[in-house]
Structures are given as C-alpha cells and as structure tokens.
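Please look through the sequence and the model shown here.

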Amino acid sequence: MSDVAVLAIVSVVVTGIGAPGIMALAGRLESRRSHRLAIGRECRDVLDFAAEQLARSQRTTACCISLWSRGIMDNDDEARDYLRCRNEANEAARTAYGRLCVRFGPASAVARHFDEAIESMQRLTDVLRGYRAGDTYDAWVTQASAESAELTAANEKFLSVANKAMSTRRLGQGT
C-alpha cells in the first residue's frame, strides 16, 4: 500500500473515530470540573451564611446588653428591635446548622464546631433571660461576660475549621 493510501486511511480513522471520542472526553472532564466548582461555591455560600448569622446574633446581643445595662428594657422600641433581630439571627443560625450537616455531614468538624457555637449562644441567651426577668445587673453581668467570651471562642473555632475545610476542598479539587 502506498503512503498516500495509508495517510488517507489514518486521516479517516482519526477524524471519524478519534475526534468525536476526544471531544466526548473533553466534555465529560469539563462537566466534572463544573460540578466540583458548583459544589465548592455552595459549600462556601453555606459557610458564609452560617458565619454571618453567628456574627449577627453576637452583634445584636451586645447591643441588647448595652441597652439593658443602661436600664433600657424590652418595653423600649429600640430594645425590641434588637431582640427581634437577635432572635431572627438565632433562628437563621439553626437553619444554617441543618445546611452545614447536609453539605459537610453531621459528624464533620465544621458542623460540630458550629453546633458548639449555637449551644454557647443559647447559654448566653439563658443568662440574659434572668436579667430581663428582674435580676439585678450585678447578678448577671459576670456570667454574661463569661458566656459571651465562650461564644466568641466558639465562633473563632468554627471560623478556623471553616477556613480549613474550604482550603482542603480547593486543594483536593485542584482548583
């Protein structure tokens, strides 16, 4: 067989069989990559939402404490607004916990540390109920400060674990 015939046969095989196979493989690889990126974005969004709710809760709780320490109680519009915002943030944080469990698993470090932050947030809320019920400022201020410090530490642990989880995902996916 001549070189021209061999070249013609090779060219038909490559363009007729090889090119579509290469295109299919490239499409499959791009689809996998897009899927990994979408999951990574969703994980980041869930972590961002969770961190936002913890920060919002902590910030509005601090505002409530500031108002209460000056004698401005729940019958004041400003105090009621801050309480409403804090309660909404606490509920949103519980929702975020469910989303974290779905995306990372309930036994994951991210979910566990977030759950610890929520529990700390609840303990602080319980301490503050005493003051709102009529306890003196001196009776709860020390305990509220201790619980607030625990909440801050729990938030920092969660953020550290969340950053580590996202770094691991990025490195593990090669993106």
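**Confidence and layout**

Within the chain, helix α1 (residues 3-69) has the lowest confidence, with a mean of 81, and α2 has the highest, at 92. These values are pLDDT, the predictor's confidence in each residue on a scale from 0 to 100. This is a predicted model, in which local features need pLDDT of at least 70 and side-chain atom pairs count only at pLDDT 80 or more, while totals for chains, interfaces and linings use all residues. Residues are numbered from 1 along each chain as its sequence is written, and side-chain values use heavy atoms, with hydrogens and water left out.

Over the chain, the mean pLDDT is 83, and 87% of the residues reach 70 or more. Residues 171-175 stay under 50, and the model has three contacts for them beyond four places in sequence. A contact here means heavy atoms within 4.5 Å.

The chain has four helices and zero strands, in the order α-α-α-α along the sequence. Helices (H or I, at least four residues) and strands (E, at least two) are DSSP runs, numbered from the N terminus. Of the contacts in the chain with a separation of 6 or more, 72% are between residues 24 or more positions apart. Of the 175 residues, 30% count as buried; buried means under 20% relative accessible area, exposed means over 50%, and partly exposed lies in between (1.4 Å probe, protein chains only).

**The α2 and α3 pair**

Helix α2 (residues 77-104) packs with helix α3 (residues 109-132) at an angle of about 160°, and their axes are 10 Å apart. Therefore α2 is roughly antiparallel to α3. Axes are lines fitted to C-alpha atoms, for helices over the stretch in contact, and angles run from 0 to 180 degrees between N-to-C directions. Angles under 35 degrees count as roughly parallel, over 145 as roughly antiparallel, 65 to 115 as roughly perpendicular, and the rest as oblique.

Which residues meet between α2 and α3? On the α2 side they include L83, N90, A93 and Y97, and on the α3 side they include F114, I118, M121 and L128. The residues of this contact divide into 13 nonpolar, three polar and four charged. Ala, Val, Leu, Ile, Met, Phe, Trp, Tyr, Cys and Pro count as nonpolar, Asp, Glu, Lys and Arg as charged, and the others, Gly among them, as polar.

M121 is in helix α3. M121 counts as buried because its relative accessible area is 3%. Leaving aside residues up to four places away in sequence, M121 touches L54, S57, N90, A93 and L151.

S57 lies in helix α1. Is S57 buried or exposed? S57 counts as buried because its relative accessibility is 1%.

N163 belongs to helix α4 (residues 137-173). N163 is exposed, with a relative accessible area of 53%. N163 and L47 are 116 residues apart in sequence, and their C-alpha atoms are 9.0 Å apart in space.
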